[in-house]
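Work through the following exercises on aromatic rings and nonpolar packing with the sequence and the coordinates open beside you.

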Amino acid sequence: MSNHQPAVSPPYGRRTIRLTSSVLTSALLITALAPLAAGPAQAELAAVGPIDAATGYPAWYSDGTVRLKLCVDPAEGCLAELPDPNAPISHPDNFPGESFWFAAEASGGNLRLYEAALEAAHTTEEAVAGEQIAFARLRFRLTGLVNGAEYTITHPYGVHTFTAAAGGINVTIDEGDCATSPCNFDLARDAFLGDFGGPGQTATFLRQEGAAPGTIGSINASLPVTGAPSGNNFVQVDGPNAGGPGVNTLTVDRFAVQGVISTDVDGAPSTPDLAAASDTGRSSADNITNATTPTFTGTATAGSTVELVVDGAATGVTTVATGGAYSLTAVAPLADGAHRIIARINGDPNLDSAPLAITVDTVAPAASVAPPLPSNPSADATPTLSFTSEANANFECQLLPSNPIFAPCTSPHTYDAQLNGDYTFNVRATDVAGNTGANATYAWRIGTTTPPPPPPAGTAEQKDMNGDGNPDIVARDSGGRLWLYPSTAAGGFGSRIQIGSGWGSMNAILQPGDFSGDGRSDIMARDTSGRLWLYTGTGTGRINGGVQVGNGWQGMTALITPGDFNGDNRVDLLARSSTGALYLYPGNGAGGWGARTQPGSGWGGFTTLLSTGDFSGDGNSDVIARTSTGALWLYRGNGTGRFGTANQIGSGWNGYTITGPGAWGTADANSDLVARDSAGGLFVYRGNGTGGFVGSRTQIGNGWGGFTIVQ
């Protein structure tokens with residue numbers, strides 16, 4: 001290994017960043033040097049050891065995989081030179097002026113020297129007590145180049161571009177040394193070489209292949225290496241004559257490496273690892289999760305108290321290592337983004353583990369169906385659908401009614417021959433963190449025969465999804481599939497139809513009636529992010545793709561579908577906030593909203609809120625509410641977006657799931673209630689047209705216990 005002095009004098013006048021060169025001009029450094037100059041963008045080492053009282057330097061630095069001790073004894077294969085090789089090593093009397101925890105050098109052809117190092121030195125050339133400093137170093141020395149030409153150097157710790165002067169490049173970059181005494185050796189740790197993932201990310205030491213035990217390489221041999229954080233286990237110089245006359249690329253892939261592994265045992269715990277249940281990412285090695293309170297596991301000295309440290313701040317979450325293992329679960333939810341996780345013993349920062357860099361991502365990817373789309377109707381019986389989402393998302397596709405099971409797919413996706421009929425294509429995306437978004441949907445008809453006409457305007461207010469004049473029930477099963485249960489004129493059910501899948505991520509699903517204003521009943525749903533989606537109905541029992549019609553709805557604890565509540569002949573929505581306020585969101589008749597109003601407050605004590613339209617028979621939509629004691633109350637709407645009188649209409653309704661379908665069957669035109677009991681039985685409670693009930697309840701189904709009935 002050759003000359004370890006800087007390129008020009010003074011040899012040790014180092015600050016946060018220093019560039020030395022035989023020629024320094026404004027053209028010397030091109031933009032690629034900027035990442036080194038910006039400290040916050042650096043990668044870093046994982047940890048720094050305690051100060052060795054005998055030397056005044058940290059006993060070791062760690063890259064998270066190995067600890068390297070300060071190497072000062074030439075007998076151990078160190079670069080350092082002792083003033084008196086025959087005398088005992090002592091600081092400052094017989095100690096090298098400069099020495100290394102880590103150093104890697106490469107040379108060949110026009111590359112006279114490439115050096116990457118973590119160096120110990122003194123503010124003056126000789127060893128002096130109290131003048132100990134440390135810094136990270138990159139050095140580039142090349143000859144035989146073209147004056148004024150730009151050269152790009154790709155190396156294990158990044159990419160730099162320089163302009164040759166005087167036939168060469170001679171640049172030294174020292175970063176992270178301390179300007180005060182005593183030295184803050186954390187600066188060298190934080191300034192270690194390169195930028196690989198941003199703040200909190202670590203860069204690793206190069207290792208020679210086949211390194212001797214107890215070392216990561218030898219200074220006496222140039223060999224291939226591994227471990228470059230950039231992935232570049234070589235030095236490549238690109239520019240005119242870089243490899244000699246007429247050769248514009250020079251590559252050197254053998255390095256001499258100094259690194260002696262420390263045998264110190266300090267009692268620090270192992271690097272935290274995401275527990276399997278918290279590692280929701282696609283890969284068990286990428287440390288990406290959608291868990292906001294993840295659990296971390298590792299090993300530690302039995303009986304020691306281990307604390308969770310997040311982004312440099314102690315969290316107060318502690319555990320006692322049992323059997324040499326620890327498990328820590330974050331209590332305060334982690335925000336989306338990058339985080340640095342450390343395990344700490346007994347509250348002592350000197351007993352910190354190496355850090356774990358994780359990314360929290362809770363945002364589900366949005367999929368969309370992309371052109372070209374099948375025409376509607378289409379004569380093509382083998383449809384091809386294209387779709388998009390965020391980068392690196394995986395997709396699952398479904399074609400109803402022929403292919404009801406979601407299956408992995410890529411865009412474009414082609415189906416085999418289909419029969420004539422109505423079809424709905426659904427696609428959903430899952431990101432690398434394991435978040436699955438809502439379905440993107442496209443509905444069309446295969447076959448050129450004329451589809452049935454849409455239902456007449458007005459039937460949508462009865463929650464009639466298929467246009468036959470009878471209100472229908474929509475329900476989601478435990479697998480996230482959405483089913484239409486069409487009612488008959490006699491008050492029973494026809495054959496159920498699957499109209500969607502992947503609806504498990506929706507925490508509220510509604511049948512508002514005709515919200516879009518096209519005379520057909522629609523579906524509305526809220527996802528876990530608080531976004532509100534409208535799925536317009538086709539009038540034939542199917543639904544079209546979702547369109548977002550709102551966000552920020554996660555704070556609403558109940559959503560009610562009263563139909564037209566303010567008397568403008570447009571479908572509206574009522575919502576209860578977490579404070580118990582009741583708000584009216586009037587529809588504009590075209591899939592949007594008017595200005596909200598507040599028709600009520602103090603509604604927080606009700607366990608169920610619903611509407612079946614006009615239950616009192618006065619032509620105005622009403623709201624029915626159940627108290628915690630099971631009492632059922634009718635709140636009459638006044639037809640202008642407010643309430644009139646209220647009275648109790650029942651008791652003993654605890655244990656029931658209630659929905660309001662409108663007038664069930666053709667016995668009369670009065671609005672009814674449908675309720676499911678705890679055994680899964682489904683019953684109709686017929687309204688008397690004046691705000692009460694008539695006759696005995698009628699059972700219309702059983703086995704409904706596993707379903708979420710849409711309001």
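**Exercise 1. Identify which residues the ring pairs link into a cluster.**

Ring pairs link Tyr57, Tyr61, Phe95, Trp101 and Phe185 into a cluster. The rule applied is that rings of Phe, Tyr and Trp (its six-membered ring) pair if their centres lie within 6.5 Å, with planes under 30 degrees apart counted as stacked, over 60 as edge-to-face and the rest as tilted. By this rule the count comes to 39 aromatic pairs.

The model is predicted, and local features need pLDDT of at least 70, side-chain atom pairs count only at pLDDT 80 or more, while totals for chains, interfaces and linings use all residues. Residues are numbered from 1 along each chain as its sequence is written, and side-chain values use heavy atoms, with hydrogens and water left out.

**Exercise 2. Classify the pair of Phe102 and Phe192, and locate both rings along the chain.**

A pair of aromatic rings is described by the distance of the centres and the angle of the planes. For Phe102 and Phe192 the centres are 6.3 Å apart and the planes stand at 65°, so the pair is edge-to-face. Phe102 belongs to strand 5 and Phe192 to the loop between helix 2 (186-190) and strand 11 (207-208), so the pair ties together parts that are 90 residues apart in sequence; here helices (H or I, at least four residues) and strands (E, at least two) are DSSP runs, numbered from the N terminus. Both Phe102 and Phe192 are buried, where buried means under 20% relative accessible area, exposed over 50% and partly exposed in between (1.4 Å probe, protein chains only).

Phe192 also forms an edge-to-face pair with Phe205, at 5.6 Å centre to centre and 80° between the planes. Phe205 has 1% relative accessibility and therefore counts as buried.

**Exercise 3. Describe the largest nonpolar core and the element that gives the most to it.**

A nonpolar core is a set of buried Ala, Val, Leu, Ile, Met, Phe, Trp, Tyr and Cys residues joined through side-chain atoms within 4.5 Å. The largest one has 56 residues, and those with the most contacts inside it are Tyr61, Phe102, Tyr114 and Phe192. Among the elements that give two or more residues to this core are strand 5 (99-108), strand 6 (111-122) and strand 7 (132-142); strand 7 gives the most, with seven residues.

**Exercise 4. Find which residues lie over the faces of Trp483 and Phe683.**

A charge sits over a ring if NZ of Lys or CZ of Arg is within 6 Å of the ring centre and within 35 degrees of the ring normal. Arg496 lies over the face of Trp483, at 3.5 Å from the ring centre, and Arg697 lies over the face of Phe683, at 3.6 Å from the ring centre.
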